[in-house]
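Trainee: I would like to learn how to read a structure, one feature at a time. Where do we begin?

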Amino acid sequence: MKKAFILIFYLLSFSIYSQYTLIPDINFEKTLISQGIDNGIPDGKVLTASIDKIKILNISKPNDYYNKIKDLTGIQDFLELQDLDCSNNELTSLNMSKNLALTTLNCSNNLLSGLDISKNVNLSDFECSNNKFTTLDVSNNLNLVLFFCDFNYNLKTLDVSNNLKLKILYAGYNQFTNLDVTKNINLEFLSCAFSKLINLDLSKNINLIGLNCIYNSLTTLDVSKNIKLVFLDCTNNLLISLNLKNGNNSNLRYNSIDLYKPNSSFKSNPNLLCISVDDTAYSNANWSNLKDASASYTTTENLAPVISSPHFFCTANNQTLSDLTITSGTNLTWYNASSGGNTLPSTTALVDGEIYYASQNSGGCESTRTPVKVFIGDSQPPIPTLLNLPDITGDCHTLITTIPTATDACAGMITATTASSISYNMPGTYTVIWNYSDGNGNSISQNQKVIISAQPLPIITSPQTFCTDQNKILNDIIISTGISIKWYDSITKGNSLQGNSLLTNGSTYYASQTINGCESERTSVTVTIHSTLAPTGDAKQSFCTSQNPTLSNLVIVGTAIRWYDSSILGNLLTDSSPLSNGKTYYASQTVNNCESPRFGVTVSIINTPSAPAGNANQAFCKKENANLSDIQTSGQNIKWYDSNTSTTVLPNTALLENNKTYFASQTIGCESDRTPILIQLNDTPAPTGNSSQQFCIDNNATIANLNIIGTAVKWYDAVANGNLLSSTILLQNGTYYTTQTLNNCESGRFPIIVKIQDTQSPTADSPQTFCIQKNTKISNINIIGENIKWYESSTSLVSLTTSTLLADGITYYASQTSDNCESDRIPITVDILKANAGDCISLAEGLPYPKFFTPNNDGYNDSWTIDFAYLAPNAGIRIFDRYGKFIKELNQNGAWDGTYLGQTLPATDYWFTVTQKNGKEFRGHFSLKR
């Protein structure tokens with residue numbers, strides 16, 4: 001019992017503990033307490049039921065510098081949380097993997113370097129600005145619409161390629177050199193200011209409305225596809241090309257005075273000379289203050305000139321810039337740098353290995369610059385025509401006839417040379433090294449793989465078997481697939497064998513095939529020569545006439561037996577051929593398709609005796625455990641079987657089974673036919689009844705009173721043997737055993753446990769006291785017992801219901817009934833206390849108080865108070881006027897005379913509040929009359 005209690009206590013304790021969520025951060029718990037989510041003082045935990053249904057939680061601390069939250073452990077049990085603001089704290093890591101309902105998260109202005117939102121697939125609004133992230137993974141947040149990650153100064157990369165619903169992205173003040181937003185076609189606003197971007201592709205963002213990319217390193221910016229663009233600020237970049245030609249330039253904001261709707265700007269790009277726009281006149285009239293003074297608006301997109309690079313001069317001949325071939329471009333200007341730098345005259349002498357930069361001028365706008373690298377003299381190796389040479393495959397007659405080539409800037413087309421073999425007759429993988437030389441000391445090599453495949457092996461099943469008498473040769477071996485077969489005695493080298501060579505048992509032979517003059521490798525086949533022995537058995541075998549024996553009845557040991565009527569040659573016989581007395585039959589066996597010599601068997605046929613006699617139906621008592629030897633039959637050498645065709649003889653000691661037919665034969669030389677005998681085992685069941693029977697002690701019950709169903713019933717005092725009992729014997733606590741007899745077979749004994757019930761009286765205190773307010777009933781009397789019955793006297797035959805109301809001074813009588821046996825009765829006297837007696841006063845629901853008083857000094861009702869006996873200890877009576885103004889507080893046994901600060905108050909209603917003895921607050925009002 002003690003162990004069970006400890007286990008229950010442990011399980012209960014565990015259950016209670018499991019209802020709480022640990023909150024190790026005291027500032028986190030204090031915040032939950034201040035919001036009414038937790039209560040009391042911080043104890044490191046919160047009731048899980050108080051948090052698992054919360055949908056919105058704001059624990060941001062922007063102005064609280066001393067109670068910052070550092071650990072958000074416990075947030076995992078806010079299972080239905082949709083909106084979390086934990087910004088302006090000191091969190092270093094945050095795991096939201098259990099908050100699957102989350103749609104909004106603001107964790108900005110923390111110290112976060114670790115964040116797991118990989119399971120928050122419903123997240124749409126996410127702010128994590130001003131943290132310490134080096135990486136951010138939002139690849140699983142497919143429903144993200146708003147994303148703020150700016151001011152993470154260590155963040156160098158950001159992948160938003162999976163966030164196809166993204167509309168607003170703040171990614172500035174980071175370390176990006178590239179930001180790919182080509183998949184974000186729903187993007188409406190992008191801020192990537194104060195980063196290190198050198199490239200920004202906006203060609204897919206057709207819904208873009210606003211772009212802030214100030215203070216980057218962009219050299220080109222094309223917003224011609226962004227037809228909804230309203231705001232663009234690209235100041236302080238390295239732009240040399242800006243294309244604003246989107247067909248909706250009039251939408252671009254330029255004259256706003258609203259601080260929240262800033263104007264566009266293209267300033268502080270000193271190398272930006274031309275800006276492509278829809279309408280030059282419109283742009284000059286409205287946008288003159290949006291650009292640098294050195295820049296001009298144009299409707300023509302000025303493309304960079306096209307010049308081949310690298311540019312080769314095979315021999316030095318005082319070449320200048322004017323000697324470079326221009327594919328397209330006019331009014332060229334040459335520079336020594338990709339941006340800025342110095343201009344160069346066209347007479348500038350070219351220098352080997354130097355890069356020059358050319359722009360063209362059209363419509364007063366200069367294009368971006370084209371780089372051209374110059375090589376003077378033949379210093380470059382040839383360039384192979386094919387970067388990767390294809391593999392050459394072939395057989396034993398392979399010769400390489402296709403020689404690769406290369407192109408040299410000065411020598412032109414060059415044919416490769418090689419010191420490797422170009423002819424092959426053996427299987428294997430080879431490498432040809434091709435060399436290209438331009439004759440001026442410049443060369444390059446290239447490898448090409450040659451794969452010479454072997455001819456397929458012939459397909460031969462192994463092992464193969466033959467019979468000794470067949471005298472098989474090599475040419476008899478079965479070849480599944482193969483032509484021009486050659487035979488050898490070894491897997492390699494060895495001796496060649498002729499096709500008419502005799503096969504030997506256990507030998508292995510090796511075969512190749514020849515296709516198109518190329519011989520394959522060899523495959524092996526093992527040969528087994530079988531010699532099958534004659535089958536074995538008795539040379540003389542006897543049968544009875546009743547068997548009608550055939551060849552199939554002859555007992556012979558062997559495989560695939562064949563019968564003949566002669567030791568050699570003769571006729572092949574069927575298994576159904578009848579046997580003849582005195583005749584000899586000959587058997588062979590076949591193993592591995594090789595038939596053996598023949599074995600002779602001589603047959604004798606003997607007459608069969610008649611079946612034994614006996615009663616066809618015989619009965620026994622089951623408990624006798626009769627066996628086959630107890631069945632009455634006449635005959636010699638009796639054998640018993642469980643069917644008319646069974647070949648298994650049953651032992652005479654086999655116990656008989658009910659309703660089963662056994663078959664008996666006798667043997668006199670030959671075994672006779674069988675006689676069937678049906679056995680009936682009479683198995684008398686035990687009588688039936690309740691195995692546990694109870695009687696009250698005053699019943700004086702005997703064995704005859706036991707309730708049992710059966711025929712010719714007998715009673716015993718033991719489960720076996722024991723004494724036969726009379727039905728008049730008085731019952732006692734214990735076990736009695738009974739049988740019944742049917743068909744002269746007595747059953748097994750059925751045990752009945754007898755209990756003589758002596759029920760004790762219930763226990764209770766007398767007298768018992770109750771308060772009149774409770775309207776107590778008989779069911780309220782405190783008594784210990786079971787199945788209690790109540791009476792109005794010790795001898796009454798009529799019981800009282802438990803709903804009977806108690807009467808003061810009355811004595812009630814109670815008994816208990818156990819196992820249908822009622823006990824003696826005990827008396828209990830009841831006292832009913834009045835309402836104001838003892839603790840009964842605390843039960844009063846109402847409060848008696850005067851409804852008016854008349855302070856006119858006539859000696860009647862001159863003051864007002866309440867009996868303090870009805871009030872809680874040390875409670876006072878607080879009195880107010882009808883407007884709620886506090887007038888007076890009455891302490892123990894005090895009374896009010898109708899004045900306030902010595903002044904007589906007018907006749908009207910006044911209000912009061914008190915605390916009753918039962919702890920409940922009571923409010924009421926009374927009248928002051930004059």
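Trainee: Does L569 count as buried or exposed?

Mentor: The terms rest on relative accessible area: buried means under 20%, exposed over 50%, and partly exposed in between, with a 1.4 Å probe and protein chains only as cover. L569 counts as exposed because its relative accessibility is 69%. Before we go on, note that this is a predicted model, in which local features need pLDDT of at least 70, side-chain atom pairs count only at pLDDT 80 or more, and totals for chains, interfaces and linings use all residues. Residues are numbered from 1 along each chain as its sequence is written, and side-chain values use heavy atoms, with hydrogens and water left out.

Trainee: Where is L569 found?

Mentor: Helices (H or I, at least four residues) and strands (E, at least two) are DSSP runs, numbered from the N terminus. L569 is found in the loop between β42 (562-564) and β43 (572-573).

Trainee: What is the phi of L569?

Mentor: Most residues other than glycine have a negative phi, and most peptide bonds are trans. L569 is not a glycine, yet its phi is positive, about 50°. A712 is another non-glycine residue with a positive phi of about 50°. A712 sits in the loop between β56 (692-696) and β57 (714-716), and with a relative accessible area of 46% it is partly exposed.

Trainee: Which peptide bond has an omega near 5°?

Mentor: The bond from S309 to P310 is cis, with omega near 5°. P310 lies in the loop between β18 (306-307) and β19 (311-313). S766 and P767 are also joined by a cis peptide bond, with omega about 5°. P767 belongs to the loop between β62 (750-757) and β63 (768-771).

Trainee: How many helices and strands does the chain have?

Mentor: The secondary structure comes to 3 helices and 75 strands.

Trainee: What is the radius of gyration of the chain?

Mentor: That radius is taken over C-alpha atoms, and the globule rule is 2.2 Å times the number of residues to the power 0.38. For 930 residues, a compact globule would have a radius near 30 Å, but this chain has 58 Å. Its C-alpha atoms fill a box of roughly 160 × 150 × 45 Å along the principal axes. Of the 930 residues, 37% count as buried.

Trainee: Which residues of helix α2 are buried?

Mentor: An α-helix has 3.6 residues a turn, so residues three or four places apart point the same way. In α2 (residues 26-34), the buried residues are N27, F28, E29, T31 and L32. Their cover includes β2 (45-47) and β3 (56-58).

Trainee: What is found at the start of α2, and what comes just after α2?

Mentor: At the start, a side-chain oxygen of D25 reaches to within 2.9 Å of the backbone nitrogen of N27. Just after the helix, G36 takes a positive phi of about 80°.

Trainee: Which residues is T523 in contact with, leaving aside its neighbours within four places in sequence?

Mentor: Contact means heavy atoms within 4.5 Å. With those neighbours left aside, T523 is in contact with L457, P458, I460, Y509, Y510 and A511. T523 is in strand β40 (residues 523-530), and it is buried, with a relative accessible area of 15%.

Trainee: Is D125 buried or partly exposed?

Mentor: D125 is partly exposed, because its relative accessible area is 29%. Its place is in strand β8 (residues 125-127). Leaving aside neighbours within four places in sequence, D125 is in contact with T103, T104, L105, L144 and L146. The C-alpha atoms of D125 and N174 are separated by 20 Å, and the two residues are 49 residues apart along the chain.

Trainee: Which side chain does a polar contact join to that of S726?

Mentor: A polar contact is a pair of N or O atoms within 3.5 Å; within protein, one must be able to donate a hydrogen and the other to accept it, and residues adjacent in sequence count only if both atoms are side-chain atoms. The side chains of S726 and T728 are joined by such a contact of 3.0 Å. S726 lies in the loop between β58 (724-725) and β59 (734-739) and is partly exposed, with a relative accessible area of 36%.
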